[in-house]
Amino acid sequence: MDLFTPTVGQVYRNRNGWDYRCVACYSGGRAAMRRLKDGWTLVAVGVQQHEDGAIEWDYSLAGCRT
């Protein structure tokens with residue numbers, strides 16, 4: 001599966017069922033994603049999108065509540 005660059009401001013459902021808003025995009029398949037339920041924000045590395053629109057990533061960095 002190819003790397004996916006989310007759109008800033010767009011909400012995406014993760015394969016784990018949580019909804020995340022993209023708050024920033026970086027090079028190399030990285031994006032800052034904020035979980036809508038609790039404001040937890042992380043840098044997702046290796047973001048991919050499935051045919052059903054759900055996203056997932058290889059791993060995350062620098063999580064914090066915002």
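Select Thr 41 to begin: at 9% relative accessibility it counts as buried (under 20% relative accessible area; exposed is over 50%, partly exposed in between, with a 1.4 Å probe and protein chains only). This is a predicted model, where local features need pLDDT of at least 70, side-chain atom pairs count only at pLDDT 80 or more, and totals for chains, interfaces and linings use all residues. Residues are numbered from 1 along each chain as its sequence is written, and side-chain values use heavy atoms, leaving out hydrogens and water.

Thr 41 sits in strand E4, residues 40–45 (strands are DSSP runs of E, at least two residues, numbered from the N terminus). Now show Arg 34 as well: its side chain makes a polar contact with the side chain of Thr 41 at 3.1 Å (a pair of N or O atoms within 3.5 Å, one able to donate a hydrogen and the other to accept it; residues adjacent in sequence count only if both atoms are side-chain atoms).

Next, pick out the salt bridges, three in count (a side-chain nitrogen of Lys or Arg within 4 Å of a carboxyl oxygen of Asp or Glu). Asp 19 meets Arg 13 at 2.7 Å, N to O. Arg 15 pairs with Asp 52 at 3.0 Å; Arg 15 is in the loop between strands E1 and E2 and Asp 52 in the loop between E5 and E6, so the pair ties together parts 37 residues apart in sequence. Asp 38 and Arg 35 meet at 2.9 Å, and Arg 35 is buried at 17%.

Finally, select Cys 22, which is in no disulfide, the nearest cysteine sulfur, that of Cys 25, being 3.7 Å away (a disulfide needs two cysteine sulfur atoms within 2.5 Å).

Key:
Helices (H or I, at least four residues) and strands (E, at least two) are DSSP runs, numbered from the N terminus.
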